[in-house]
Amino acid sequence: MFNRRAAALALPFLLAAALPTQAAVKASDVVGRAIDGFVRPAYASLDDHAGTLTQAMRQLCNAPSQQNLDAARTEFSATVEAWSVAEIIGFGPVKENDRLERMLYWPDRKSIGLRQVQSTLAAKDPSAADPAQLAGKSVAMQGLGALEYVLFGDGAETLANKDDPYRCAYGAAVASNIQAIAGEVREAWSKPDGFVSLWANPGPKNPLYRDGTEAVTELVGVFINELEMIREVRLKGFLGAKPGADKPKQAIYWRSQNTLNSLAGNLSGIDKLFQVSKLGDALPADARWMAESIHIQLTNGVATAKSVTGPIDKALADPAPRDKLEHLALITSSLSTLFGTRMTAEFGLTAGFSSLDGD
Amino acid sequence: MLVRTPLIDRRDFLRAAGAGFAAAMAPRAWAETLATDAVFATAFVRRDGSFGAAVLSEAGKILHTLDLPDRGHDVTFDPVAKRSVVFARQPGTFAVVFDHTGREKPLTIASVAGRHFFGHGVFSSDGALLYATENDFDNAVGVVGVYDARTKFSRIGEFPTYGMGPHELLLLGDGRTLAIANGGIETHPDFGRAELNLATMKPSYTLVDRITGDLIEKHELPPALHQLSIRHMDRDQAGTVWFGCQYRGSATDRPALVGRAARGKELELLEMPQDVLSGFRNYIGSVAANPGTGTVAVTSPEGNSLAVIDAASGRVIATKSLVDVCGLAPDGAGFMATTGAGEIVGGAGSTRAEPDYVWDNHVLRIAAAG
């Protein structure tokens, strides 16, 4: 009983009601570490990778060859991984000007993007090969999904020779557009004013975060929402309740075989964000095991995801890798409970979380 | 007029009755007590993670609970046969009809292939037909499913909502027109609750003839507000429909979130004081009117706030800060509000705490005010 009380008093967020000023300071430390240690480097890395990808596309267009096609494909996969780490921060600058949807229009359930890209390639529309004009077209034509089709979809092998310069030019424009979006988000997060100052400085006059608890809730929400997204949307979107119900073509990035690479990126991003923010330090001593368990399970999840390689339809057809995918779903469920139920209860944040998934 | 009957402790009763309606019928005496005292119904999540619906007394005391297989959302009520229906939260596939007195066994309605519920429904005035908002998810269009209460709620047809992602629907005072909030958001059960069309979403408010299924009126918001999802509604004393929205654009935008719709007129968005609007965090979770007092209340669980509006003038006349508040129902001269923290705040301000319960987004009055 005594221990329980002492532990509770050590919780900065639980103190929010009693000592708002002090709690706000501590919350802003956590948020500050999340921004400096994760958000900024993650979006900077994405911008850097997108830049390299754009160069690789231009190189391919200037000198079509299998080697340059392979190089562009490799850079595409690296950019997907960088985006998968960064995209867990799906609020703030990336939510403005439809950047999120322009970067990744997925799932494309009705094949809207696919049809638009295919008809663009067929019509050889010059405006779609101009990055400035492309940015104003359908969101489904200007991001990672569109470029994946260019590089890995039907007819992509023509990029290795001089037969289809338009396909390459459109692909280079998409890469350039991805770089532009990544650059805008990177710049917005690097400014000391703007969104950073809102998130890191909660207070009564702040229009988004009235106190430290609300600022930390945004961070905790990343873990809770992204784990649910990974499991319910990305993984269960193609992994059926039983083998016969699998839908491999509903897997994200199936064409480029980056499905698991992306899930691993999401999970490693969550791990990094949790570590650098030191949110676990705010747990009372008798609940510190949660932080360790979270780290161990995230590491395990990343390793499990990375152990499934090759085409996703083949992985689903083979019991051993398919079991790993089911295991991955279990890991994310366990993590969801740790973050969403146990940790939020320790922080006294429980109440706020039924609203996150509200209607 | 409400006849007060002494209540036995609910925990004793639940222990005696087993798990609830599904396990045992209420004893006759208790059924009579419930018949007189049941005033509100709401879905909930228990702290242990299980789901159900509860019947509450005027004072907010839990009289009875019903287990549900998954999370519920709204409850609708047929005052003729005195039956309630709790709908699964989207993308759920069940609705459960229950008698709040526990005399009748609950009846589960399953959604048909290719459809799921959105969490809201409404009875025709005579209680014969039940209308539910549903998702025709492969075609990404909203439909109203029609169920015949006289034949164990068999599904006898459907008609379009003339929009995507319908949410709450109301029956207007003429007994024939349905008002439907088409949230505009595409979802598909293969991808859980992921919102698939935020860049192109186009919410609308439609009036549909429930007999013919014909569209009577359709209203959209200005293009700049295409990410303002119209979700919840209620009707004030003058018959004007009030609606609450959720904004899917940037969190730093501050669009109006509450509006009203009078027949034959364009939608009108309500200007509110900046501090009140800011407190909603771009998310209205519930809307309820109190015709007796000429007021409308809206809640924001995201912003932990509740505001009461004078329906005639459109002015905000009261605000209240309440953690994770969402459920709203008229109660005396005010509103009953329920929260995700298990609180039940009565219209006169009394508060009951039920820490084992996370009250879901909506609470419904199933009896006239006493």
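Which residue in β13(B) does B:Leu171 stand opposite? In this predicted model, B:Leu171 faces B:Leu178 of β13(B), and the legends below begin with that part of the structure.

**View 1. A pair of strands in chain B.** Strand β12(B) is joined to strand β13, which covers residues 177-182 of chain B, by 4 bridges, and the two strands run antiparallel. B:Leu171 and B:Leu178 stand opposite each other here, the latter lying in β13(B).

**View 2. The open sheet of chain B.** In the order β12-β13-β14-β15, 4 strands of chain B form an open sheet with antiparallel pairing. The edges are taken by β12 (166-171) and β15 (215-220) of chain B, each of which has a single partner strand, so one side of each is left without a neighbour in the sheet. On average, and with direction ignored, neighbouring strands of this sheet are turned by 15 degrees against each other.

**View 3. The two domains of chain A.** Chain A is assigned a domain 1, made of 2-31 + 200-353, and a domain 2, made of 37-190. Taken over C-alpha atoms, the centres of these two domains of chain A are separated by 27 Å. Their contact takes 20 residues from domain 1 of chain A and 20 residues from domain 2 of chain A. On the domain 1 side of this contact, α10 (212-235) and α11 (259-277) of chain A each supply at least two residues, and the largest share, 10 residues, comes from α11(A). By class, that side has 6 nonpolar, 10 polar and 4 charged residues.

**View 4. The contact of chain A with chain B.** Here 21 residues from chain A and 27 residues from chain B take part in the contact. The side belonging to chain A has 7 nonpolar, 6 polar and 8 charged residues.

Methods. Residues are numbered from 1 along each chain as its sequence is written. Chains are lettered from A and ligands numbered from 1 in the order in which they are written. This is a predicted model: local features need pLDDT of at least 70, side-chain atom pairs count only at pLDDT 80 or more; totals for chains, interfaces and linings use all residues. Two residues are in contact if their C-beta atoms, placed from the backbone, lie within 7 Å. Ala, Val, Leu, Ile, Met, Phe, Trp, Tyr, Cys and Pro count as nonpolar, Asp, Glu, Lys and Arg as charged, and the others, Gly among them, as polar. Domain bounds come from an automatic or database domain assignment. Two strands pair if DSSP finds at least two bridges between them. Axes are lines fitted to C-alpha atoms, for helices over the stretch in contact, and angles run from 0 to 180 degrees between N-to-C directions.
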